[in-house]
Amino acid sequence: MRIGVIGGGAWGTALAQVAARGGQPVTLWARESEVVASINDAHENAVFLKGVALSDSIRATGRLDDLAGHDALLVVAPAQHVRSVLMATPVGATPLVLCAKGIEAGTRMLVGEVARAAAPGAPIAVLSGPTFAHEVAAGQPTAVTLACEDADLRTRLADRLASPAFRPYASGDVVGAEIGGAVKNVLAIACGVVEGAGLGLNARAALIARGFAEMTRFGLAKGARSETLAGLSGLGDLVLTCSSTNSRNFSLGVGLGQGRAAAELLADRRTVAEGAHTAPVLREAAAEAGVDMPVVAAVCDLLEGADVRAIVERLLARPLRAEV
Ligand SMILES: NC(=O)c1ccc[n+]([C@@H]2O[C@H](COP(=O)([O-])OP(=O)(O)OC[C@H]3O[C@@H](n4cnc5c(N)ncnc54)[C@H](O)[C@@H]3O)[C@@H](O)[C@H]2O)c1
Ligand SMILES: O=P(O)(O)OC[C@H](O)CO
């Protein structure tokens with residue numbers, strides 16, 4: 001199965017490395033000419049994944065047309081750019097493995113819905129889970145959810161990408177796998193705020209648990225299965241991203257918790273903190289679905305400049321209620 005990768009950020013590069021194990025040829029499309037040059041000339045992505053020696057069977061290109069004729073394409077552009085990139089890619093009936101985590105602003109579509117609209121002939125799979133790109137690229141043990149409704153395609157993709165250190169767990173729940181990854185980014189910002197504001201480890205654990213309750217309510221309303229939400233792509237990724245400054249979303253939250261403005265924290269960065277884009281559209285989607293998501297609403301307010309103490313007081317003043 002010849003693999004192409006759309007997106008030369010940290011995660012696209014790490015996944016190209018996964019797909020290239022054993023010297024298998026992989027084509028990686030990157031938007032930045034310096035990324036293409038760095039990968040082809042130095043076998044390193046010095047812009048987005050510095051310090052990792054990449055397989056020389058990865059060939060980078062700046063032309064989306066070079067992805068024609070592959071057997072599967074891993075889609076690893078940030079969620080807000082998936083539509084425009086897929087519209088410019090010769091996808092046809094090539095299976096798409098969606099690896100971005102987010103919800104499209106404006107349309108409130110999950111990335112899978114965006115992909116179906118932009119590439120209507122392509123079968124869809126979702127790869128998601130607790131996966132810091134540096135660890136995956138370094139071959140450290142990692143497990144992911146690989147969701148696809150077509151069991152045969154799911155098995156072929158899993159067999160192609162699996163190695164002893166990279167274990168895909170099969171699922172038929174595409175929506176569930178997507179929702180876990182999208183929502184956890186917003187909750188990671190909230191946990192970062194707790195850290196930045198010095199509110200303590202009890203508060204962070206409470207936020208992870210109550211955030212997971214929000215993810216579950218929203219996921220079930222959108223047709224996800226609770227087992228998926230409690231698995232690698234949901235709870236697993238939530239725990240990872242809510243506990244480390246290696247997470248861009250958590251780090252953004254730390255800055256907000258220290259009283260810095262979102263605009264300042266997001267200015268000039270080349271890497272993506274998906275939760276900042278997902279939070280407002282998730283708030284809209286939750287309202288549309290009639291789902292209460294107070295932590296998500298708090299993150300939106302903080303991104304819009306609300307005072308941290310006032311938001312914490314508001315959350316703590318909510319009426320007492322049953323846990324389930
Ligand atoms: N980094 C990780 O550890 C990791 C792990 C799992 C999933 N993800 C997800 O993968 C997706 C990509 O993240 P990343 O970490 O690889 O990116 P990154 O932060 O390393 O790099 C930013 C990426 O955004 C791209 N970009 C910027 N503007 C663009 C535009 N107008 N059109 C198309 N692309 C544009 C850049 O080319 C680059 O590939 C995100 O949805 C992220 O949540 C990341
Ligand atoms: O750095 P973050 O917060 O985008 O998290 C990266 C991955 O999604 C972790 O699974």
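Visitor: Which residues have the most contacts inside the largest nonpolar core?

Guide: They are Val75, Leu98, Ala115 and Val299, in a core of 105 residues. A nonpolar core here is a set of buried Ala, Val, Leu, Ile, Met, Phe, Trp, Tyr and Cys residues joined through C-beta atoms within 7 Å. Buried means that 20 or more other C-beta atoms, placed from the backbone, lie within 10 Å of the residue's own. This is a predicted model, in which local features need pLDDT of at least 70 and side-chain atom pairs count only at pLDDT 80 or more, while totals for chains, interfaces and linings use all residues. Residues are numbered from 1 along each chain as its sequence is written, with chains lettered from A and ligands numbered from 1 in the order in which they are written.

Visitor: Which residues is alanine 115 in contact with?

Guide: Leaving aside neighbours within four places in sequence, alanine 115 is in contact with Val75, Val82, Leu86, Leu96, Leu98, Ala122 and Ile124. Contact means that the two C-beta atoms, placed from the backbone, lie within 7 Å.

Visitor: Changing topic, what does the domain assignment of the chain give?

Guide: It gives domain 1 (3-172) and domain 2 (175-316); such bounds come from an automatic or database domain assignment. Their C-alpha centres lie 24 Å apart. At the interface, 23 residues of domain 1 are in contact with 24 residues of domain 2.

Visitor: And which element gives the most to the side of domain 1 that touches domain 2?

Guide: That is β7, with four residues. Helices (H or I, at least four residues) and strands (E, at least two) are DSSP runs, numbered from the N terminus. The residues on this side of domain 1 divide into 14 nonpolar, seven polar and two charged. Ala, Val, Leu, Ile, Met, Phe, Trp, Tyr, Cys and Pro count as nonpolar, Asp, Glu, Lys and Arg as charged, and the others, Gly among them, as polar.

Visitor: Where does ligand 2 lie, and why?

Guide: Ligand 2 lies between domain 1 and domain 2, because both give residues to the shell around it. There are 13 surrounding residues, the closest being Thr131, Asp237, Ser247, Arg248 and Asn249; a residue is counted if its C-beta atom, placed from the backbone, lies within 6 Å of the molecule.

Visitor: Which helix gives the most to that shell?

Guide: α10 does, with three residues. At least two residues each come from α7 (174-196), α10 (232-241) and α11 (248-257). By type, the shell holds four nonpolar, five polar and four charged residues.

Conventions:
Buried ≥ 20, exposed ≤ 12 C-beta atoms within 10 Å, placed from the backbone.
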